[in-house]
Amino acid sequence: MSGSSTRPLRSIPKLRTALLAAIALSLPGTTEEQWYQAPGYKVAGKGFLRLRTEAEGGLVVFVSDMGEKEALLASDSDAFFTTPHYDG
């Protein structure tokens, strides 16, 4: 799959982390739960966002299907990439 990356991941500054949390929690039915030792956001028990640990850096955003993922990766934006763990 295109968009795979082994580049170093950037961490998310604390201010942005707080903003992401506020946006996620503003969505109806969203809960914040620990998910792989990091803050995660779910609706009805299904995750849609996970703030990666400081060691991992970055942010995991779950999309509805592979077509949506492919479209984001094809956008040629450095903001979107995948790692082998999430391929497939």
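Tyr86 is partly exposed, with a relative accessible area of 26%; here buried stands for under 20% relative accessible area, exposed for over 50%, and partly exposed for what lies in between (1.4 Å probe, protein chains only). The model is a predicted one, in which local features need pLDDT of at least 70, side-chain atom pairs count only at pLDDT 80 or more, and totals for chains, interfaces and linings use all residues. Residues are numbered from 1 along each chain as its sequence is written, and side-chain values use heavy atoms, with hydrogens and water left out.

Tyr86 sits in the segment after helix 2; helices (H or I, at least four residues) and strands (E, at least two) are DSSP runs, numbered from the N terminus. Beyond its neighbours within four places in sequence, Tyr86 is in contact with Arg50, Arg52, Val60, Phe62 and Lys69, where contact means heavy atoms within 4.5 Å. Between the C-alpha atoms of Tyr86 and Val60 the separation is 9.6 Å, with the two residues 26 apart along the chain. Phe81 also belongs to the segment after helix 2 (66-73). With a relative accessibility of 29%, Phe81 is partly exposed. The C-alpha atom of Phe81 is 9.3 Å from that of Lys69, a residue 12 places away along the chain.

Turning to the strands, pairing is assigned if DSSP finds at least two bridges between two strands. Strand 1 (residues 30-35) and strand 2 run antiparallel and are joined by 6 bridges.

The hairpins bring some backbone angles worth a look. Most residues other than glycine have a negative phi. In the hairpin of strand 1 and strand 2, with 2 residues between the strands, Tyr36 takes a positive phi near 55 degrees. Gln37, in the loop between strand 1 and strand 2, has a phi near 60 degrees, a positive value in a residue other than glycine. Gln37 is exposed, at a relative accessible area of 69%. The hairpin of strand 2 and strand 3 likewise has 2 residues between the strands, and Ala44 takes a positive phi near 50 degrees there. Ala44 lies in the loop between these strands and is exposed, with a relative accessible area of 75%.

What makes up the largest nonpolar core? Its 5 residues are Ala21, Ala24, Tyr41, Leu49 and Leu51, a nonpolar core being a set of buried Ala, Val, Leu, Ile, Met, Phe, Trp, Tyr and Cys residues joined through side-chain atoms within 4.5 Å. Helix 1 (14-26) and strand 3 (46-51) each supply at least two residues of this core. In soluble globular proteins, nonpolar side chains tend to be buried together.

A salt bridge is counted when a side-chain nitrogen of Lys or Arg is within 4 Å of a carboxyl oxygen of Asp or Glu, and the count comes to 1 salt bridge. The side chains of Glu33 and Lys42 form it, at 3.6 Å from N to O. Glu33 is partly exposed, with a relative accessible area of 32%, whereas Lys42 is buried, at 14%. Lys42 is part of strand 2. Apart from its neighbours within four places in sequence, Lys42 is in contact with Gly29, Thr30, Thr31, Glu33, Trp35, Gly47 and Phe48.

Finally, a word on confidence. The predictor's confidence in each residue is given as pLDDT, from 0 to 100; the protein averages 78, and 75% of the residues score at least 70. Confidence is highest in strand 1, at a mean of 93, and lowest in strand 4, at 74. Over residues 1-9, pLDDT stays under 50, and the model has 22 contacts beyond four places in sequence for these residues. Where pLDDT is low, the predicted coordinates should not be read in detail.
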